[in-house]
Amino acid sequence: MASWHLITAIIILYLGLTLGIGLAAGRRTSKSVTGYVAGDRAFGLLVMYFITGATVFSAFAFLGGPGWAYSRGAAAFYILSYGVLGVAPWYFIGPKAAELGRRRGYVTQAQLLVGRFPSRFLSALIAVLTLLAFVPYITLQMRGAGIVIEAVTDGHISLPVGAALAYGIVVVYVLISGVAAVGWTNTFQGIFMLVIAWCLGLYLPHVLYGGVGPMFERIAAERPELLTAPGLTATGDAWTWGGYSTSILVSAIGIQMWPHLFMKAFAARDDRIIRQTVILFPTFQLFLIPVFLIGFAGVLFPETPPNADFILPFLILRTDLPALVVGLFCAGALSASMSTGDALLHASASVAVEDGVRPFRPLGDRGQRLLMRILVLAMGVVAYYFALDEDQSLVVLLLTAYGIIAQLAPPVVAGLYWRRATTPGILLGLLAGSATVFFFFFLDHLRPLDLHEGILGLLVHVPVLVIVSLLTPPQEATHSRCFVDLEPLQAGGSGEEMSA
Amino acid sequence: MTLRTLRALTAAFFLCFAALVTWPGYVPFNRVEPLILGLPFSMAWIALWVVLSAVALYLLDRAEQRKRED
């Protein structure tokens, strides 16, 4: 079993390198909350680009993407469709949020919202919803890391041990270095993943079918139902257009609302960088193409993996690749999982402390950083618990989380663009929308036309927000104009954070 | 062309994108043949919109940038 040892050695080397970069990055930022959460607002284009890119290229894309293309065919195309749609509006919203962050010292999106709509309850509500959405997302990344390690080491390192090993390292550098570690490790891992994905995406169809075109011709002849949307469901029946289309919409609406992405508006050095990241985002989205090719390459493969999410490591181990390449692949897939997982852990702890605790209990800078670190550990443990007994597909885990996170979009848009929005409108809208999501999540057979529960939530959320806002007295014009028209803050202006 | 028009055009572009990759706008393009660069047409169609998005955002940004420098 010499090859197994070589693979393990490569993985250990890679994990060590990641740890080193993560720790080195933290030495350059200040020991303040702004340093830990928002990197002293000093991220440049390269780092911002890969932070955004890493979210596309998570374990979700690297394992879930091929898993879906393999088992559900064109259903996976929804993943290719939503990213750019969701990120494009950020060209305008991102710099606006960043400007308010600089003026008023915000480091989370709840602080921005509570600045406009003063309510400690709103702050806590956003923190709770965010953490609920984060758990399945982090669980997915951990399972991804575990799956890769277990498959590639041929079971010598089991899923639980593999996940614990990879995430032990993530927790260490996030604990010590904060967001700076996330930024620099993502850059390193991002470059690594892109190379691996394109190489494998072109190599596997070539070695198994003689090229991408011949592969699709054979699939078209033998399994044509896989090549046209909406593809199949997990059980192999035809998926519905309602489910497919609303999965695109809910993900597009939700993607920028993820705190780990939203909060990076506060970490960017200037607005130019935020805009450039948006313009370059489609280039990252295209890396889903090789990922799908990998999944499609498995369709006509004679053997079947134990679970669709295993298709990528499964194929690699059966195509006589040298151990060195397998080791590098394993490291690439781990990158995918870890580069998203670290951002998620970091963001969830930041949100829990900044939005869930601080509005109620004043904390010093040191106390805050300490509590965040405890929470990074706690979130890691909770997600790990779910990662151990869970047989949901990786993509399904993420789609569920999107239903909740998309509910943050109406408050953000209203907060920055609608003067007439009021605090009661925002609160009731958010409560009604989230309640609807949970209702249809648990009673999914009641969903009309198989629409995604997140979209159903928004269909309730937006009218409630608008009607209640119009029925309640408007905010003071000087206050709402600070946010909607970016008018300069007036001395002693209303609506400053209550804990200040 | 004024910046205002360009912004409206960009918004219209992304609305078209959304409409043409979901039901019912996607239906006419949702087919296997012809293969484009080896990819099924249904997949290449979405990839095309992703590429066009980069161009659209770049053009918008160039105009916005000029405006900011004035």
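This is a predicted model: local features need pLDDT of at least 70, side-chain atom pairs count only at pLDDT 80 or more; totals for chains, interfaces and linings use all residues.
Residues are numbered from 1 along each chain as its sequence is written, and chains are lettered from A in the order in which they are written. Local features need pLDDT of at least 70 and side-chain atom pairs count only at pLDDT 80 or more, while totals for chains, interfaces and linings use all residues.

Chain A has 24 helices and zero strands (DSSP runs, H or I of at least four residues for helices and E of at least two for strands, numbered from the N terminus). Of its 500 residues, 59% are buried, that is, with 20 or more other C-beta atoms, placed from the backbone, within 10 Å of their own. The C-alpha atoms of chain A fill a box of roughly 70 × 50 × 40 Å along the principal axes.

Turning to the partner chain, 25 residues of chain B meet 29 residues of chain A in the contact (C-beta atoms, placed from the backbone, within 7 Å). Helix α2(B) gives the most to chain B's side, with eleven residues.

Helix α2 of chain B runs over residues 41–69 and spans 42 Å from first C-alpha to last, close to the 42 Å expected (1.5 Å times one less than its number of residues). Its buried residues include Trp45(B), Trp49(B) and Leu60(B). Their cover includes α5, α6, α15 and α16 of chain A, together with α1 of chain B.

Note on methods:
A residue is buried if 20 or more other C-beta atoms lie within 10 Å of its own, exposed if 12 or fewer, and partly exposed in between; C-beta atoms are placed from the backbone. Two residues are in contact if their C-beta atoms, placed from the backbone, lie within 7 Å.
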